[in-house]
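Work through the exercises below with the structure open beside you, and try each task before you read its solution.

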Amino acid sequence: MSYDFVLLGATGFTGGLTAAHLSTHAPAGGRWAIAGRDRAKLETVASRLADSGGSAPAIEVVDVTDAAALRKVAESTKVLATTVGPYAQHGAPVVAACAEAGTAYCDLTGEPEFVDRMWLEHHETAERTGARLVHACGFDSIPHDIGVLHTVRQLPSDVPITVRGYVQASADVSAGTYHSALGAFAQFRSSQTAAKERRRREGRPAGRRVRGLSQRPGRGESGTGWALPLPTLDPQVVLRSARALPSYGPDFSYGHYVQFTRLPVAVGAAIGVGALVAGAQVPPVRKALLRVKTAGEGPSEAKRARSWFRVRFEAEADGRRLVTEAAGGDPGYTETARMLGESTLALAYDDLPDTAGQVTTAVAMGDALLARLPYFRTL
Ligand SMILES: NC(=O)c1ccc[n+]([C@@H]2O[C@H](COP(=O)([O-])OP(=O)(O)OC[C@H]3O[C@@H](n4cnc5c(N)ncnc54)[C@H](OP(=O)(O)O)[C@@H]3O)[C@@H](O)[C@H]2O)c1
């Protein structure tokens, strides 16, 4: 095998930041490559990494529309990390190549339909080949998935557990994220179909109950401010981890909310997201909305330096109350690059549980990420 890990998409905004993280955090002697469709752009990224004193990667030229070339790259590495998005548009062939080659895969998707479709199409193959397919290794969904794991670890595993996660963040989005979100809003109907088919085929844990909490707006963390339900990929990932891990107890429930201090801000945010979802359903409006940001663009270093996130987890277990948090800097890019970079390194070098198929971050590498990421604490 030529490489310990390959990063596909290194010429993009988030891929460039992830490449920088990997080049300064990979172990000495680590064998790695950056991959993408444009050799000249990849050479620019590689020489920027070498100039800033990090380890310089090899280069692999591959377009995700070329299945044979992708398969060759997947066979050449232990781990393939990809930031080529929107994943609904570009991601499936990369997952297919890794599932077939038995290669560990990680990405930054926050698109629920993509994750469900990949489970339907590649989970069984990956279970057979031994590939670990780990989606959502960025702000979607590591702070939430690993934050809940960190919380549950401190509670008894033989009583019902309820956890509520309250998310607050101040940050800007890149073109890639904005385009992915609009794509996901536009696919609302087919997304429901994929989720339903997955529910029909996927087993449930015997003798244990795992549920999502009510999706109603209400008072926020510790009864302060306002909380709106956040129907992103994150609560789905948390509940999947709970189904897979008996340590979440016999009856586990989770609610996921965005926290606002003032009611008018909460109402304004709900109206803003509603308008984007409605606009994304109408093709000419969607086209105009897509033109607002150009691929490759993202928030400046100064803007990222001022950005932050905080997720507060309030847990109850048999009368015992526990509050924990996951907090860090710019969620969308600086921290996401660190999260994907550390997930890649964990998959390449750490001693991980023996898993295969589509698995969540908590299942694939929960302990490794708790040790590698500095976000989690008990209050
Ligand atoms: N979940 C999270 O927390 C989170 C956070 C940040 C980003 N993301 C996701 O990450 C993805 C990337 O975002 P971004 O802002 O980095 O986007 P971006 O700057 O537009 O980068 C896209 C990358 O994909 C590459 N690409 C496009 N088509 C390709 C093809 N046919 N073959 C090979 N490579 C191809 C581009 O290569 P060229 O340079 O050759 O065009 C570029 O490297 C998005 O889906 C975004 O939603 C998620």
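**Exercise 1.** Which residues does His 150 touch, not counting residues up to four places away in sequence?

*Solution.* Bear in mind from the start that this is a predicted model. Begin by locating His 150, which lies in helix H7, residues 142–152. Leaving out residues up to four places away in sequence, His 150 touches Thr 324, Leu 370, Phe 376, Arg 377 and Thr 378.

**Exercise 2.** Decide whether His 150 is buried or exposed.

*Solution.* The cut-off needed here is that buried means under 20% relative accessible area. His 150 has a relative accessible area of 14%, and therefore counts as buried.

**Exercise 3.** Follow helix H6 from its span to the residue just after it.

*Solution.* Helix H6 (residues 112–129) has 18 residues and reaches 24 Å from its first C-alpha to its last, which is close to the 26 Å expected at 1.5 Å a residue. Along the way H6 has a kink of about 55 degrees, centred on His 122, and His 122 is itself one of the buried residues of this helix, which also include Phe 114 and Trp 119. Just after H6, Gly 130 takes a positive phi of about 90 degrees.

**Exercise 4.** In what order do the seven strands of the open sheet lie, and which are its edge strands?

*Solution.* The order is E3-E2-E1-E4-E5-E6-E14, with parallel pairing. The edge strands, each pairing on one side only, are E3 (58–61) and E14 (357–358). Within the sheet, two bridges join E5 (residues 104–107) to E6 (residues 132–134), and the bridge partner of Tyr 105 in E6 is Leu 133.

**Exercise 5.** Which members of the largest nonpolar core touch the most other members?

*Solution.* Of the 86 residues in this core, the answer is Leu 8, Val 148, Tyr 248, Phe 252 and Met 365. The core draws at least three residues from each of domain 1 (3–138 + 335–372) and domain 2 (142–330). Taking Val 148 as an example, its contacts include Val 163, Tyr 248 and Phe 313.

Terms used: Residues are numbered from 1 along each chain as its sequence is written. This is a predicted model: local features need pLDDT of at least 70, side-chain atom pairs count only at pLDDT 80 or more; totals for chains, interfaces and linings use all residues. Side-chain values use heavy atoms; hydrogens and water are left out. Helices (H or I, at least four residues) and strands (E, at least two) are DSSP runs, numbered from the N terminus. The expected span of a helix is 1.5 Å times one less than its number of residues. The bend at a residue is the angle between axes fitted to the seven residues ending there and the seven starting there. Buried means under 20% relative accessible area, exposed over 50%, partly exposed in between (1.4 Å probe, protein chains only). Contact means heavy atoms within 4.5 Å. A nonpolar core is a set of buried Ala, Val, Leu, Ile, Met, Phe, Trp, Tyr and Cys residues joined through side-chain atoms within 4.5 Å. Domain bounds come from an automatic or database domain assignment. Two strands pair if DSSP finds at least two bridges between them.
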